[in-house]
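The sequence and structure follow.

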Amino acid sequence: MVHLTNDLTALIGFACEATLWGGYAILFIVSIILLRRRSLKTELSTPVVVAHVALFIACTVHYALEFNHFYTTLAAKGVDGYANETTQLVGADIFLSLCDLLGDYILIYRCWALWGRNYWIIALPSMCAIAGFACIMQVVHYVVTLDPTSPTPPKPMLPLTLAGYSLPLCTNVMATALIIARIWWLSRPTPGTEGAFRSARAISRSAMATIVESGALYLAIQLTYVVLLSLENPVDAIVAVMAAQIYGIAPTLILIRVMLGLSVETTMEPGAATPMVWASVSKRYTTTHEQSKMGLSVDTGGSTAAGSSSTKVYHTDSDSVEMKPVEEV
């Protein structure tokens with residue numbers, strides 16, 4: 001049976017990260033193409049787009065540093081000592097935590113937008129994410145000053161290292177739970193309008209499924225890494241570098257679903273249209289009780305030749321959704 005050493009796990013981890021980065025690069029290119037083609041139909045808010053691009057850059061820099069360490073170290077001294085800390089690996093550790101912080105930021109932003117831009121809702125998740133990043137930066141400082149060639153943080157630093165990765169895990173759990181709770185609350189049936197909101201509830205269930213899938217992917221890799229780190233299992237070196245790319249893949253999958261129309265940016269409750277996750281929209285909600293129908297006008301902010309907007313009309317006697325000009329509602 002092959003004994004997993006720090007050097008071997010580091011090599012396996014690099015191979016796994018290379019595969020994940022290739023998939024992530026393809027997903028990012030697809031998302032940019034969709035963003036350019038559908039910019040007039042779905043205008044994503046600027047912070048989401050900026051974070052999306054910044055996250056890909058950070059993940060790419062992490063992979064580039066690992067790749068540079070891979071070919072320079074193997075060429076210089078072979079496998080023995082491959083996992084020993086170097087300047088490149090210190091930089092990679094910093095970018096790993098930066099990727100984690102950016103991924104948490106995107107999740108927190110979605111939560112903030114969904115809860116009506118309530119800063120109190122995201123106060124605790126935000127503090128956990130920032131505190132986790134600060135802990136890892138302190139661990140990196142101790143490693144560089146106390147034992148600059150150690151392949152793992154010194155044992156006295158283990159509690160601080162665990163805190164550095166456990167706090168972002170708490171951020172993920174809280175933000176995902178808040179998003180799911182908010183969607184469930186908005187999708188509750190309203191007395192007297194249950195038929196009209198049947199489609200809205202179906203949309204909410206789809207959005208919730210998307211968020212659960214994204215959160216599960218993010219949460220699984222974070223939880224696995226924290227458990228392996230606490231057990232001081234050398235396999236944590238494999239999961240750590242894989243996590244850097246998964247931090248970027250998870251939100252990119254959601255972005256692509258949004259651009260393809262498989263996810264939803266808006267849902268509604270009586271008398272309002274609530275921004276859900278990604279979109280920057282302006283709203284107008286109207287009702288016509290005599291005709292037993294409701295309309296939701298959504299202007300994405302994109303410019304069109306005619307300058308017109310459309311309206312979704314929900315009929316109470318079916319699940320059908322009809323698109324009409326605003327003037328007809």
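Helices are DSSP runs of H or I of at least four residues, numbered from the N terminus. The model discussed here is predicted.

## Overall architecture

Seven helices and six strands make up the secondary structure of the protein chain. Their order along the sequence is α-α-α-α-α-α-α-β-β-β-β-β-β. The protein chain has 329 residues, of which 44% are buried. Contacts between residues at least 6 apart in sequence are joined, in 70% of cases, by residues at least 24 apart.

## Helix packing

| Helix pair | Axis separation | Crossing angle |
|---|---|---|
| H1 and H7 | 8 Å | about 15 degrees |
| H3 and H5 | within 9 Å | roughly 20 degrees |
| H4 and H5 | 8 Å | about 160 degrees |

Angles under 35 degrees count as roughly parallel and those over 145 as roughly antiparallel. H1 and H7 are therefore roughly parallel to each other, and H1 passes H7 in a left-handed crossing. By class, the residues in the contact of H1 with H7 are 22 nonpolar, six polar and one charged.

Leaving aside residues up to four places away in sequence, Cys-16 touches Ile-238 and Met-242. Is Cys-16 buried or partly exposed? Its relative accessibility is 26%, so Cys-16 counts as partly exposed.

H3 covers residues 87–114 and H5 covers residues 158–186. These two helices are likewise roughly parallel to each other, and H3 passes H5 in a left-handed crossing. On the H3 side the contact includes Leu-96, Asp-100, Asp-104, Leu-107 and Arg-110, and on the H5 side it includes Tyr-165, Asn-172, Ile-179 and Arg-182. The classes represented in the contact of H3 with H5 are 12 nonpolar, four polar and four charged residues.

H5 also packs against H4, with an angle of about 160 degrees between them. That makes H4 roughly antiparallel to H5. The crossing of H4 and H5 is left-handed. Residues of H4 in this contact include Leu-124, Cys-128, Gly-132, Cys-135 and Tyr-142, while those of H5 include Leu-160, Gly-164, Tyr-165, Pro-168 and Met-174. In the contact of H4 with H5 there are 15 nonpolar and five polar residues, and no charged ones. Tyr-165 and Pro-168 of H5 are listed in the contact with H3 and in the contact with H4.

## Nonpolar cores

Which residues touch the most other members of the largest nonpolar core? They are Leu-55, Tyr-165 and Tyr-247, in a core of 31 residues. At least two residues of this core come from each of H1 (6–37), H2 (46–77), H3, H4 (123–146), H5, H6 (198–230) and H7 (236–259). H7 gives the most to this core, with seven residues.

Tyr-247 touches Leu-55, Leu-96, Cys-99, Asp-100, Gly-103, Tyr-218, Ile-221 and Gln-222, when residues up to four places away in sequence are not counted. Apart from this core lies another, of 13 residues, including Tyr-109, Trp-112, Leu-114 and Ala-129. Of these, Leu-114 is also in the contact of H3 with H5, and Ala-129 is also in the contact of H4 with H5.

## Loop residues with positive phi

Arg-117 is not a glycine, yet its phi is positive, at about 55 degrees. Arg-117 sits in the loop between H3 and H4. With 46% relative accessibility, Arg-117 counts as partly exposed.

Glu-232, in the loop between H6 and H7, also has a positive phi of about 55 degrees without being a glycine. The relative accessible area of Glu-232 is 45%, so Glu-232 is partly exposed.

Conventions: Residues are numbered from 1 along each chain as its sequence is written. This is a predicted model: local features need pLDDT of at least 70, side-chain atom pairs count only at pLDDT 80 or more; totals for chains, interfaces and linings use all residues. Side-chain values use heavy atoms; hydrogens and water are left out. Axes are lines fitted to C-alpha atoms, for helices over the stretch in contact, and angles run from 0 to 180 degrees between N-to-C directions. Angles under 35 degrees count as roughly parallel, over 145 as roughly antiparallel, 65 to 115 as roughly perpendicular and the rest as oblique. A crossing is left-handed if the near helix is turned anticlockwise from the far one by less than a right angle, and right-handed if clockwise. Contact means heavy atoms within 4.5 Å. Ala, Val, Leu, Ile, Met, Phe, Trp, Tyr, Cys and Pro count as nonpolar, Asp, Glu, Lys and Arg as charged, and the others, Gly among them, as polar. A nonpolar core is a set of buried Ala, Val, Leu, Ile, Met, Phe, Trp, Tyr and Cys residues joined through side-chain atoms within 4.5 Å. Buried means under 20% relative accessible area, exposed over 50%, partly exposed in between (1.4 Å probe, protein chains only).
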